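Please look over the sequence and the model shown here, and then follow the account of its helix packing and its charged pairs.

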Amino acid sequence: MYEKRFHLEIITPTRVVFRDEVTSLSAPGVEGGFQVLYNHAPFLTTLQPGELKVKDKDGNDTIFAASGGFVEVNANRVVVLADAVEKASEIDLPRAEAAKARAEERLQRRDPDLDVERAHGALARALNRLRVARKG
């Protein structure tokens, strides 16, 4: 089935993770999940940690774990600027499990110097990476 394409770039501070023509992007916005298709209205939004699902020009899905960032849609060009992004198939499960355990331990200790918001964020990112890795 032919679907119209748009240009997608997924970029982190250290590298370009993805750059190609695609037919769809699904992402976790802070106000709810959204999908971008060809000729989508221009907008800018913030991402929360979650799954980016990209459908390429051949109809194949690729799933990424994103830790947060921004998405800009304008004139059939979409740019995802993310803090960190990993392809599901590239996530190191033992490392993600260890990060989850560390975050849970920090939250359970209730250290008075603990930055609780930061610890909850670390746990959310670890859980997201594990969820996405198990799909990939």
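Is the crossing of α1 and α2 left-handed or right-handed? The crossing of these two helices is left-handed, a term used when the near helix is turned anticlockwise from the far one by less than a right angle, with clockwise giving right-handed. This is a predicted model, in which local features need pLDDT of at least 70 and side-chain atom pairs count only at pLDDT 80 or more, whereas totals for chains, interfaces and linings use all residues. Residues are numbered from 1 along each chain as its sequence is written, and side-chain values use heavy atoms, with hydrogens and water left out.

The axes of helix α1 (residues 93-109) and helix α2 (residues 116-135) come within 9 Å and cross at roughly 150°; helices here are DSSP runs of H or I with at least four residues, strands are runs of E with at least two, and both are numbered from the N terminus. The axes are lines fitted to C-alpha atoms, for helices over the stretch in contact, and angles run from 0 to 180 degrees between N-to-C directions. α1 and α2 are therefore roughly antiparallel to each other, a description kept for angles over 145 degrees.

Turning to the charged pairs, a search of the whole structure finds 10 salt bridges, each being a side-chain nitrogen of Lys or Arg within 4 Å of a carboxyl oxygen of Asp or Glu. In one of them the side chains of E9 and R77 meet at 2.6 Å, N to O. Because E9 lies in strand β1 (residues 6-11) and R77 in strand β8 (residues 77-82), the pair ties together parts that are 68 residues apart in sequence. E9 is buried at a relative accessible area of 6%, while R77 is partly exposed at 40%; buried means under 20%, exposed over 50% and partly exposed in between, with a 1.4 Å probe and protein chains only.

A further salt bridge joins K57 and D20, whose closest N and O atoms are 3.1 Å apart. K57 sits in the loop between β5 (50-56) and β6, and D20 in strand β2 (residues 16-29), 37 residues apart.

Within helix α1, E105 and R109 lie four residues apart, about one turn of the helix, and they form a salt bridge with closest N and O atoms 3.4 Å apart. E105 is partly exposed at 45%, whereas R109 is exposed at 51%.

Technical notes
Angles under 35 degrees count as roughly parallel, over 145 as roughly antiparallel, 65 to 115 as roughly perpendicular and the rest as oblique.
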